2 protein chains.
Amino acid sequence: MGNKKYSKEELRHMAPVEIRRLIRAGEIDEPTCGMADGYAQGNLVILPKEYAYDFLLYAQRNPKPCPILEVSDAGSRNFVQMGEDSDIARDFPRYRIYEYGKMTGEYTDVSSFWRDDFVSFLIGCSFSFEADLLENNVPVRQIEEGRNVPMYDTSIPCQPAGVFHGNMVVSMRPIPSGLIPKAVQITAAMARVHGAPVHIGNPAEIGIKDINAPDYGEAVTIRPGEIPVFWACGVTPQNAVIQSKLPFVITHAPGHMFITDVRNADLKY
Amino acid sequence: MGNKKYSKEELRHMAPVEIRRLIRAGEIDEPTCGMADGYAQGNLVILPKEYAYDFLLYAQRNPKPCPILEVSDAGSRNFVQMGEDSDIARDFPRYRIYEYGKMTGEYTDVSSFWRDDFVSFLIGCSFSFEADLLENNVPVRQIEEGRNVPMYDTSIPCQPAGVFHGNMVVSMRPIPSGLIPKAVQITAAMARVHGAPVHIGNPAEIGIKDINAPDYGEAVTIRPGEIPVFWACGVTPQNAVIQSKLPFVITHAPGHMFITDVRNADLKY
C-alpha cells in the first residue's frame, strides 16, 4: 500500500503527473483526497460508445449534477486536455465494473477489459470548491469531523436523456447563516464543478425526510445558527448509469479519483 | 411580409410565444433582432442523429464558440425547455438547407423535409449579452452604426470532435479602455452565451491581418481610446458543420433566429 511508502504530507506536495505514475505502477492504492494540493480531481464513467450520446446529452441537460470536464475519443485511454500522457485504464487507484446494473468486481487496473468502443467521461467533483471554501474561512463540516459528506436522494427531477433518468442526489454542508452569501458566490464561480447550491434551508421542500439519515455518506453536526445548504452531487449521474442496467460500465471506486494537471482555480474560467 | 403588419415597437413588446405563432403562420418573415425585448434568441443546427454525438462532443470541447442552450430528442420538433409548444420546423422565420457542404435552398418552413432521425441544437447568441452591455452603458458599436457585427477567422484552434474541426471565428466590439473591465465582467457572467472575451487588443496575435476587413459581417469604427475586444462567435460551429460536408444539414438563415421563453437575465444562472 502506498501509504506505507509516502506520507500524507509528501502526497500533498507531489505533482499530479508524479502521483498518476505511482498509481499506475501500483505504488499508491488509496483514496486520493488530499493529494496534489490545489489540483482538480475527477470522477470516472466509462461506457460503450453506443450509450455515449445519451450520457453526454444527459450531462448537457443536467450540468449541475453532471459537470463534464473531459470526454475521451472512443477507444482512447488518454485524457489529453486534463492529464498529459495519462492512462485512463490505470491512473485511477481503484475501479468498479458493473454488468447489467450489478457490481461484478473492483480492480486497480482495467486495461485487460479495454475495448476500442469505450468512451471515458471525466466528471468534476466538489473537492475543487471545498478547497476554495476553506481558503475563504467558510467551514466544511465533514472535513472538520473527518467524515464522508452526507448525500441525499431528492424529489428534484433531472431531465431524462435516452436510457438515463432519475432524481437529483445532493450533498449537504451546514453553513453559518452569515456566511451563506460567501458560500454561494464561491461555488457559483465554479460552474465546472456543480456550481451554486440548488437549495438552501428546509430539507423537506426537496423531499429529504430526515437530515440526520443521509442516503449516502455520513451525517454531520448542524450547529445552532447554521442552515443546511445543498449542492448537486456527482452521485446523480453514477446512479443514473447503474440504474440504466447497461451490459458493461466502468466507474472509479468512491474516493479513488483521477488527479488532473489543472488547478482548481482554473476551473473558474 | 410581417413588417407591414406589425411595427418594430409592437414586435419589441410581444411575448415570445405570440411571435413564434405569427412566424409559424407566415405572418412574420424577417430578422428577429429587436423582437421580444429581454428574451434570449437562439441559433439552429439540425443534423441526422448519426452525427449528433460528434456535434455535441464538439460543443462540449468548445463551449465558448458553441454554447448549447437545448438539444431536442431525436425526431422531436419541440424545444421543450426553452420554447413551450414550439415547432422547430416552422418557428424560425428562415432556414437554410446544406447538402454535402453546399447550400441548396432557403425556406420559411422545413416541415416537408422532416425526418425521424433529426436532432436539433439550439445555440446561444451574443444578442443576449449585448442587451446587458447596453443596459450598463457599455457601447455596442455595430448597433450604434446599424451594421452587422464584424466577425473574423482566427488562428485559435478549436478542439476537434469526430467529423467536426476548424479554427475559432470571433466577433469584435471596440470598447473604450476604461470600460473593458465592465465588459469582461458582464459577458463572463453569461457563460451560456459565449462568456468572457477570448482576446483583447492586438488582432495580429490571433491571426487577424486587417481589422477593417472582417471575414463575415461589416467593419465598424474604432475610435481613439478604444481597444478591439474579441468574443467567441457562433459562426464557428456553423462553419464546422458546413465544412464537414454532411449529406443533409438544416440551419437558420443569418439573423432569423428562434425566440425563446427564457429571459436573457436567466442565462446567468
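How are helix 5 of chain B and helix 7 of chain B oriented to each other? They are oblique to each other, and point 4 below gives the details.

1. Some ground rules. This is a predicted model, where local features need pLDDT of at least 70, side-chain atom pairs count only at pLDDT 80 or more, and totals for chains, interfaces and linings use all residues. Residues are numbered from 1 along each chain as its sequence is written, chains are lettered from A and ligands numbered from 1 in the order in which they are written, and side-chain values use heavy atoms, leaving out hydrogens and water.

2. Where helix 4 meets helix 4. Helix 4 (residues 49–61) of chain A and helix 4 of chain B have axes that come within 10 Å and cross at roughly 50°. Helices here are DSSP runs of H or I with at least four residues, numbered from the N terminus. Axes are lines fitted to C-alpha atoms over the stretch in contact, with angles from 0 to 180 degrees between N-to-C directions. That makes helix 4 of chain A oblique to helix 4 of chain B (under 35 degrees is roughly parallel, over 145 roughly antiparallel, 65 to 115 roughly perpendicular, the rest oblique). The crossing is left-handed, meaning the near helix is turned anticlockwise from the far one by less than a right angle; clockwise would be right-handed. Among the residues making the contact are Y53(A) and L57(A) from chain A, and Y53(B) and L57(B) from chain B. By class, the contact has 8 nonpolar, 2 polar and 4 charged residues (Ala, Val, Leu, Ile, Met, Phe, Trp, Tyr, Cys and Pro are nonpolar, Asp, Glu, Lys and Arg charged, and the others, Gly among them, polar).

3. Back to the opening pair. In chain B, the axes of helix 5 (residues 127–135) and helix 7 (residues 180–188) come within 10 Å and cross at roughly 140°. This crossing is right-handed. F129(B), D132(B) and L133(B) of helix 5 meet A183(B), I186(B) and T187(B) of helix 7. That contact has 4 nonpolar, 1 polar and 1 charged residues. In chain A, helix 5 and helix 7 also cross at roughly 140°, and helix 5 passes helix 7 in a right-handed crossing.

4. Q60(B) sits in helix 4 of chain B. Leaving out residues up to four places away in sequence, Q60(B) touches L56(A), I68(A), L69(A), E70(A) and V71(A). A polar atom of the Q60(B) side chain lies 3.3 Å from the backbone oxygen of I68(A).

Methods:
Helices (H or I, at least four residues) and strands (E, at least two) are DSSP runs, numbered from the N terminus. A polar contact is a pair of N or O atoms within 3.5 Å; within protein, one must be able to donate a hydrogen and the other to accept it, and residues adjacent in sequence count only if both atoms are side-chain atoms. Contact means heavy atoms within 4.5 Å.
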